[in-house]
Amino acid sequence: MADKEISLSAKLINGAVAGVVGVSCVFPIDLVKTRLQNQESKDGQKMYKNMRDCFVKTFRKEGFRGMYKGSGVNLVLITPEKAIKLTANDTFRFYLRTKDGHLPLYREMAAGGGAGLCQMIVTSPMEMLKITLQDAGRIRSLSAAPSRAFSAVAMAATPQRMSALRIAYDLFRTKGLGGVYRGAGATLLRDIPFSMIYFPLFAHLNHLGRPEGAQTSPFYWSFGSGCLAGCISSVMVNPMDVVKTRIQVLKRAQGEQTYNGVVDCAKKILETEGPQAFMKGAWCRVLVIAPLFGIAQMVYYFGVGEYILGIERQYY
């Protein structure tokens with residue numbers, strides 16, 4: 001394997017298929033996570049009590065389509081995002097190997113960090129557009145309420161149509177490229193540590209299930225390894241995910257905090273909501289990231305790209 005060149009085309013196809021399949025399965029939970037992370041407690045009241053309450057209220061008010069609000073932009077951009085992330089990790093792992101074909105832990109972490117850095121070019125605008133669309137229903141309900149009491153009338157407010165393309169166009173026209181990449185710094189501070197933890201952890205967990213003489217583990221072991229590694233990694237970076245989510249929301253309800261950068265956001269959350277606020281949506285994030293990466297790794301290890309191109313499957 002040491003003398004074989006990596007097939008970038010196959011890796012890109014694998015990453016794209018893995019991303020689309022994974023996101024299609026877990027997107028409604030991701031929407032719930034976004035709304036829980038963005039809500040603030042005012043006068044001791046919250047719109048959503050917990051994950052189940054948020055899911056039920058959103059489904060009742062906005063229906064099945066509402067649970068997939070923002071999924072269009074995510075499905076379009078998740079293809080290059082996951083393709084870049086998974087392909088970059090494999091590529092870095094390939095070129096960072098020692099002369100005898102081994103990959104020390106620090107080089108595994110460097111490969112993962114490099115993958116997290118590369119994906120930001122797609123992840124940051126994708127997340128900003130997705131979060132804005134996902135949180136629109138919560139903002140409308142708060143704006144429709146005559147008070148901080150979340151009435152049935154407010155929850156039944158007629159939704160106003162928004163589109164990712166329109167949001168992106170207005171941002172670029174008024175604020176340039178910086179507007180489209182709003183929260184890019186926070187995205188990097190979340191994705192680089194996540195990838196540095198996730199990819200080495202997945203590789204070692206996946207290796208434990210590899211039968212003697214085989215090149216890789218069975219697909220179900222890859223799925224389980226992806227779920228467990230994703231679960232641990234997502235919890236460890238959840239505080240920065242909360243900060244990133246707050247910064248990237250373009251419109252906030254009346255009376256909610258506005259933020260000027262990562263430090264200002266973290267400071268205000270700590271002062272007004274306490275340290276526990278940094279773990280908001282953690283369980284939702286686990287329920288999103290764990291199966292998302294489990295599914296992605298399982299599909300990735302099926303070698304769809306290699307099959308389409310008619311080449312031998314590659315593992316790094």
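Is F202 buried or exposed? F202 is buried, with a relative accessible area of 4%; buried stands for under 20% relative accessible area, exposed for over 50%, and partly exposed for what lies in between, using a 1.4 Å probe and protein chains only. We'll come back to F202 once the rest of the picture is in place.

Keep in mind that this is a predicted model, where local features need pLDDT of at least 70 and side-chain atom pairs count only at pLDDT 80 or more, while totals for chains, interfaces and linings use all residues. Residues are numbered from 1 along each chain as its sequence is written, and side-chain values use heavy atoms, with hydrogens and water left out.

Let's begin with the overall layout. The protein has 12 helices and zero strands; helices (H or I, at least four residues) and strands (E, at least two) are DSSP runs, numbered from the N terminus. Of its 316 residues, 52% count as buried. Take the contacts, meaning heavy atoms within 4.5 Å: among those between residues at least 6 apart in sequence, 78% join residues at least 24 apart.

The protein averages 83, and 88% of the residues score at least 70. Confidence is highest in helix α7 (residues 184–208), at a mean of 95, and lowest in helix α5 (residues 152–155), at 38. Over residues 146–160 the pLDDT stays under 50, and the model has 24 contacts beyond four places in sequence for this stretch.

Now for the charged side chains. Side chains of opposite charge can pair when their charged atoms come close. A salt bridge here is a side-chain nitrogen of Lys or Arg within 4 Å of a carboxyl oxygen of Asp or Glu, and the count comes to 18 of them. One joins K33 and D241, at 3.0 Å from N to O. This pair links distant parts of the chain, with K33 in helix α1 (residues 8–38) and D241 in helix α9 (residues 238–248), 208 residues apart. K33 is buried at 4% relative accessible area, and D241 is buried too, at 0%.

D53 counts as buried at 16%, whereas K57 is partly exposed at 26%. Then there is E81 with K82, where the closest N and O atoms are 3.1 Å apart; both E81 and K82 are buried.

Some salt bridges share partners, and in this way D30, K33, E127, K130, R190, D191, D241, K244 and R285 are joined into one network. K244 lies in helix α9 and is buried, with a relative accessible area of 0%. Leaving aside residues up to four places away in sequence, K244 touches E127, I131, G183, A186, T187 and R190.

Next, the aromatic rings. Rings of Phe, Tyr and Trp (its six-membered ring) pair if their centres lie within 6.5 Å, and planes under 30 degrees apart count as stacked, over 60 as edge-to-face and the rest as tilted. The structure holds nine such pairs. F64 and Y68 have ring centres 5.4 Å apart and planes at 45°, so this pair is tilted. F64 is exposed at 58%, and Y68 is partly exposed at 24%.

Here F202 returns. The rings of Y198 and F202 have centres 6.0 Å apart and planes at 10°, so they are stacked. These two are four residues apart in helix α7, which means about one helical turn separates them. Y198 is buried at 0%. Y198 and F202 belong to one aromatic cluster with F194, F199 and F293.

The protein exposes about 14900 Å², with carbon and sulfur atoms supplying 65% of it; accessible areas come from the Shrake-Rupley method with a 1.4 Å probe, and for residues only the protein chains shown count as cover. L208, F219, Y220, W221 and F302 make a nonpolar surface patch of about 580 Å². Patches are made of residues with over 30% relative accessible area and no salt bridge, joining like charges within 9 Å and nonpolar side chains (Val, Leu, Ile, Met, Phe, Trp, Tyr) within 5 Å. Helix α8 (residues 219–236) gives the most to this patch, with three residues. F219 is found in helix α8 and is partly exposed, at 42% relative accessibility.

Key
pLDDT = per-residue confidence, 0-100.
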